[in-house]
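Hi,

Here is the structure I said I would pass on.

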Number of protein chains: 2
Amino acid sequence: MSEQKYLENYDKQEFEAPLITVDSVLFTCHEGELKVLLVERANHPEQGKWGLPGGFVDLQLDSSLSDSALRRLKEKTGVIPPYIEQLKTYGGPQRDKRGWSVTVCYSALVSFQACKSHIDSVADVQWVSVEQLNYIELAFDHRQLIVDARERLRQKALYSIVPAYALPEVFTLPELQQVHELLIGKALQKKSFRRRIEQAELLIDTGDKRSERGRPASLYRMKADAGGFNFIRNLEY
Amino acid sequence: MSEQKYLENYDKQEFEAPLITVDSVLFTCHEGELKVLLVERANHPEQGKWGLPGGFVDLQLDSSLSDSALRRLKEKTGVIPPYIEQLKTYGGPQRDKRGWSVTVCYSALVSFQACKSHIDSVADVQWVSVEQLNYIELAFDHRQLIVDARERLRQKALYSIVPAYALPEVFTLPELQQVHELLIGKALQKKSFRRRIEQAELLIDTGDKRSERGRPASLYRMKADAGGFNFIRNLEY
DNA sequence: ATAATAGTGTCTTTCAGACATTATCTA
DNA sequence: TAGATAATGTCTGAAAGACACTATTAT
């Protein structure tokens, strides 16, 4: 049989296939806390529980998996987050009551300000601090996905400045250090932190300063490729 | 409607879903070369081309995605590889002629010896050195999956001794260094390489030595948790 | 002036790079 | 003994940790 004949006769339904979804763990940093975006589930299964933004791939709308993740995040936040990375794919017969299911999980970062107005305007989307997560019942295995995303981001904080994407476009070095400390779960040496960022020339000094109690801090923005830079040596943990 | 009623009425076929497969890039090191396991495709599509070991998830046999990957690798090599890690998931409408498809890709390592007899006994499975890959037409986007797996393993070689899983259970330090050099694509300082492994106490000296031309080399085996260890400082590249 | 926060100076420590030297095997 | 390969000694350099010190604002 030729390949063409094979394709004409191919029946996608011949074998039972898993359900497949794409979910995202979207983090931000606000008021000194690390927060995750949760969505209240409008439909079964797990109706009424809170879970990660995501859903089935739309074969018409989505031309890639990251497209699908970004489409959902845009729906829920009003913006395309500046950082998204594929985390891991989870699959098994138990994680969804409808049957064998697979979810491709993404990890993303956005500033609180970028989506504040959009999120304030809807009732079924909220930022939840990672501390409060323990007191909320989450849908499916989403608690595990958040744990894994957090651990990955923690590693990133040790050898990159990717966490800067959880801040507004313009930020101070002490603010950035705070995000890293939140993720790593440990205080960092101011000097070490600044030194490595300066030496790698990852930030642009805007020339402006921000003042509130004490000496004003210089304001920086990330260079275009700064998110892709990895230090050769990790911070201690 | 109750969740129970919802589940009873749920029709998995209601929405068109992507095809979903699991593929693995299995590496080994043999005769100073890095090699990848390829399988000749018996069926359409891409019949006759060589591709990665993998296939559709079997909802009865597989209880997780890694199960599915390991089942295929066992079929093709006769053994369960000692190292497997999820690499990345690829999805889109173009990568498989049958339609929108997703593949969850794993990266794995095994010693050449462990599966030599099994692989020699079948005609549709072979080790191909990464150099030769350029001259072989590969199915789907498998060339890209191999490139990505190799790049990930290259990174691992800079901060871990995961590449040791591409060697037999017992190996010498010069052998291990050679695998790292193959992956990183650069000669390493003998002293630096040995020092970090010694200091981290990742290997057990078997007490035996292997002799062939020159001073005999000590034989080591990995400690149980050595694959999970990461150095805080990378080798240069 | 004081408190608060931002930012620097500088010494120590850690660990990889470089490369010369020594050790132990076979032919 | 010569050649080959394994393993060590040791100096240098790069970059993080520690922490005291200075700088700049508001009240």
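To start inside one chain: how many residue pairs are in polar contact across the interface of domain 1 of chain A and domain 2 of chain A? The rule finds four, with both residues at pLDDT 80 or more; a polar contact is a pair of N or O atoms within 3.5 Å, where within protein one must be able to donate a hydrogen and the other to accept it, and residues adjacent in sequence count only if both atoms are side-chain atoms.

Before going on, some housekeeping. This is a predicted model, where local features need pLDDT of at least 70 and side-chain atom pairs count only at pLDDT 80 or more, while totals for chains, interfaces and linings use all residues. Residues are numbered from 1 along each chain as its sequence is written, chains are lettered from A and ligands numbered from 1 in the order in which they are written, and side-chain values use heavy atoms, with hydrogens and water left out.

Back to chain A. Its domain 1 is 19–156 and its domain 2 is 164–228, with bounds from an automatic or database domain assignment. Taken over C-alpha atoms, their centres are 26 Å apart. Domain 1 brings 14 residues to the contact and domain 2 brings nine, contact meaning heavy atoms within 4.5 Å. Between them they bury about 1,100 Å², 69% of it from carbon and sulfur atoms; that is the accessible area (1.4 Å probe) that two parts lose on being put together, summed over both.

Now for the two chains. Here 41 residues of chain B are in contact with 41 residues of chain A. The pair buries about 3,900 Å², with 60% of that on carbon and sulfur atoms. On the chain B side, B:H44, B:W100 and B:I232 lose the most area to chain A, together 17% of what that side buries.

Which elements of chain B give two or more residues to the side that touches chain A? They are α1 (3–9), β1 (19–30), β5 (83–92) and β6 (101–109), where helices (H or I, at least four residues) and strands (E, at least two) are DSSP runs numbered from the N terminus. The largest share, six residues, comes from β5(B).

Cheers
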